[in-house]
Amino acid sequence: MGISLIVHVGLVSVTLGTGLITAIYRYLAYKNNDIYLETFARRAFRLLAVTELFSGVWGTVITVVMAGFFTGLFAMFANVLFTPIVIALIGIMIRIPAIAAFWYTWGRIDPFRHSILGFVMALSGFMIPLGFRALMSDITVPTAIGSFLDNRPFGAFDAYFSSLYWNLYLHTVLAVISVGGFMVVSIMALDGDAKGVKIAAPYAFIPLMLQFVIGPLYLLQLHFEAPYVFNALVRVDQLLQGSGGLFTPAFAVKVISALALLWIGTKIYSDAKKGVINPYAKYGGFLAIFVAVAGEIVNSGSRYPYMVVLDSGGKRIEEYFNYYINIGDVFPAVVVILLFLVLSLVVFTVAAYYALIRKFVA
Amino acid sequence: MQAILNLSALGVYMHGVFVSITLGLPLAMISFLYLYMKTGDETYMKATKLATVVLSINFALGAITGTLVEFGLLTVWPGTLLVVASTALAPLALELIAFTMEVALLILFIVTLGRVSAGKSIGILAAYWAFALFSGILITAVNSWQQAPWGVGPIAKALYPYMPEYGPLAMDAQKLVALKIIALASGESLQAILQGAGVAETIGIVLNDPFIILKSPYAWVSIAHNLLAAIIVGASIALLGWAYRYYATGNPYYIKLLAAIIVPLLALSLVQPTIVGHEMAVQVVKYNPTKWALIEGAEKTKYSPIKALLAYGDPNHPIYGLDHYAKQCEEYKVTVREVALSVGVDEKMLRDLGSKLGLQLDGRLDAVLNTQVRDLCLADLEKARERMDKVHYAYYLKIGSAVTGVIATVALAAMLVRIPVLSPIVSFAESIIYRLFSFVNRRSLVLLLAALIAFGFATTSVLGWYVREVGRKPWTVYGLVYPEEVVSVVDYATSPAFVAFAAFLILAINLSGVAALVFVASRADEISESVKKIIETIRSGAE
């Protein structure tokens, strides 16, 4: 589940961010009657088009793994967090047809309507984490799940009354815009398009700067509301004593790589304003994905060994694990599956290389 | 309950449309690419490129509707999670291979088409197709387990004396029977039990052979039957698309494309009813006694030498009606308690397990244990009987539409490709038709036959699934689990307002998806121009 979550988060960060940038520049192209901006929007959209389906597939992988291997957890989510799941599903249902319609109607319908379609496409993407992030937040600081575990009644929207949720959602939104921005910067830099880099750079840099405000606030909130998670991230002393702080090294890597990204982002941004492509611009996108993935690892991993974190500890992972079969019996199949998942990543990377770098389009 | 069942059926059907095209279109595309490789005729490459656009949009729609169906089934019917975690785990986990590889290879095919040799494109497309079929194999295997729960051995027979045994006993009969009784006695759905922390560990292993689902003969026949049907339907829809283009333009270029599709389609449509369909019927007769009675409209046992010969290999064998099974129920004078004891489950064990799961059994346990199995058996037969007319007529309508499809395929094949004996006969029939109906010409006749093929086979497929799914009712897992036992505990998930909203969403997405496919497919030249423009824009932007 960890691998699938990491791949999924890495890829969706690209698609959600580039979707927003595409929609904005498609609209600005129409408003200013600027052919270059339209081309820019198309090139950002190409990144989304190549990545979207494959990223969605990894969402399905997470679902199957969760339902099959963490059956109790899924059964609980399907009850307690039914509403957030439905919200995310509606987002998916709108998002993918909107992408297809946006692609096909480009140049075929009037630009204003096409721009509106672009915003539907972009904003529906943000509905997906609006739903699914409630699952992550509610197992870190249980609200609806807390009521459920205490045998108290809970409401359909209770997960949204968690203050951690909104911080996590904001953290996510800024992250995906920044990753999308950095990826567009990288693609423009690879094309040698300084103007494109200049346009995309603020989308990479500004949300990243805001993350350095939101991130510490999120951490502070964890300190008060989920001390176990907070300790797992920052208590180096506990790590040294072997009593906790398991994710302090991973958190350190994440913070250092985020700082490195900020440094690169600053260079890219300041050079871009002068019309120069910074040599690091080509690699910023990949580093941004790494930071997003590292963030997800520390965010989800820091609950270990609990699946649901409670004040006094939590519900351990094995309490939701599938004991209905002897997992050892399916272990060889799991290994084969993992190998094929890796192979699919290789095939996708080859396809993305041909589509984005070599510019093969059928 | 019926509304939510209908909603699930709607979602699955809509997904089925796109799945059929996903499985059928590559057949046509491989034929085109092969002919392009052999002849170098650009006609075939142009057609492949259009089909690629259609396939990619269709695949996206299939993925969305698949996500909707997957989430829909698991969130609205979360009791099925027990199946997902046991018998269905291996196939669903293996399906991940199929799905991820399918997408990765499709993207690779799209971006490399026309840039690598036709042979390589065939290789990538064939690999994509193989994984798409693999996905179909695994999903059909899971569905087949609901039809004939292979590995439960005599458990269903313990409740319904007319049921067969379903393979070896690979499941823990004690735990299954105990869970069923506890659910009934506590009045809780399976979700309410499964969602508790530590429940899986408390219940423990329920399945000893995680690959049992793939060892079912019913599953393998279903796989062959359903996948072949999907390929035939998908290829028929592609055929109709190009037949319409031929009708609209009269361009002989389309005849070449139609000929490339009709030959493999003819072969498959002859194999399907004669070999695979027949075997499917034999499996239904063997493992779904009530479904077979519904299909035959047999309220009472009857004799039909031809059908009996086909079904049992013996013309004198009776076709058992529901009366026969009712008689067996009447004679089955045992209580639930005795059935439970026969697999080693006693009241103490039930109370202990109930207590560990945190469920209140109280006085209801006695009531459940003292229930006469005969009453349950008869009540379920009655529930099945209520669906008899629908299943019976749907089945024979299905046979009629399949025959129409096959005849039209043979006729169109004989028109487009030289087939000894048959082509001269069809040619003669053609001349008579033109003489009798002056408004009919070759273009309209080709379109008519293609339409008969597509609608004939699509109707067959839709009705076939209807018979398969409705025919297994009143159970979700044949002979074992009712829909009420697996439905969500979330009140509003089954409310009319939510069902209406979900139905609207499903219809809106699917109908606009179908409209988009037709729109794209009917604008071949515009598409080529559009693709060219996009490429030019991208390249000019890059420079």
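Because the model is predicted, local features need pLDDT of at least 70 and side-chain atom pairs count only at pLDDT 80 or more, while totals for chains, interfaces and linings use all residues. Residues are numbered from 1 along each chain as its sequence is written, chains are lettered from A in the order in which they are written, and side-chain values use heavy atoms, with hydrogens and water left out.

The interface of the two chains comes first. In chain A, 72 residues are in contact with 77 residues of chain B, where contact means heavy atoms within 4.5 Å. The size of an interface is often given as the accessible area lost when the parts come together. Between chain A and chain B about 6,700 Å² is buried, and carbon and sulfur atoms give 78% of that area; buried area is the accessible area (1.4 Å probe) that two parts lose on being put together, summed over both. On the side of chain A that touches chain B, α2(A) gives the most, with 17 residues; helices (H or I, at least four residues) and strands (E, at least two) are DSSP runs, numbered from the N terminus.

Within chain B, the domain assignment gives domain 1 (1–147 + 490–543) and domain 2 (217–320 + 387–482), with bounds that come from an automatic or database domain assignment. The C-alpha centres of these two domains of chain B lie 23 Å apart, and 35 residues of domain 1 are in contact with 36 residues of domain 2. Together the two domains of chain B bury about 2,900 Å² between them, 69% of it on carbon and sulfur atoms. In domain 1 of chain B, Tyr13(B), Gln146(B) and Gln147(B) lose the most area to domain 2, together 23% of what that side buries. The count between these domains of chain B is 1 salt bridge. Asp41(B) forms a salt bridge with Lys256(B), and their closest N and O atoms are 2.2 Å apart. The largest share of the side of domain 1 of chain B that touches domain 2, 13 residues, comes from α1(B).

The backbone details come last. Most residues other than glycine have a negative phi, and most peptide bonds are trans. The peptide bond from Tyr304(A) to Pro305(A) is cis, with omega near 5°, and Pro305(A) lies in the loop between α12 (281–301) and β1 (306–310) of chain A. In chain B, a cis peptide bond with omega of about 20° joins Lys473(B) and Pro474(B). Asn33(A), which is not a glycine, has a positive phi near 50° and sits in the loop between α1 (2–32) and α2 (35–69) of chain A.

Technical notes. Salt bridge = Lys/Arg side-chain N within 4 Å of Asp/Glu carboxyl O.
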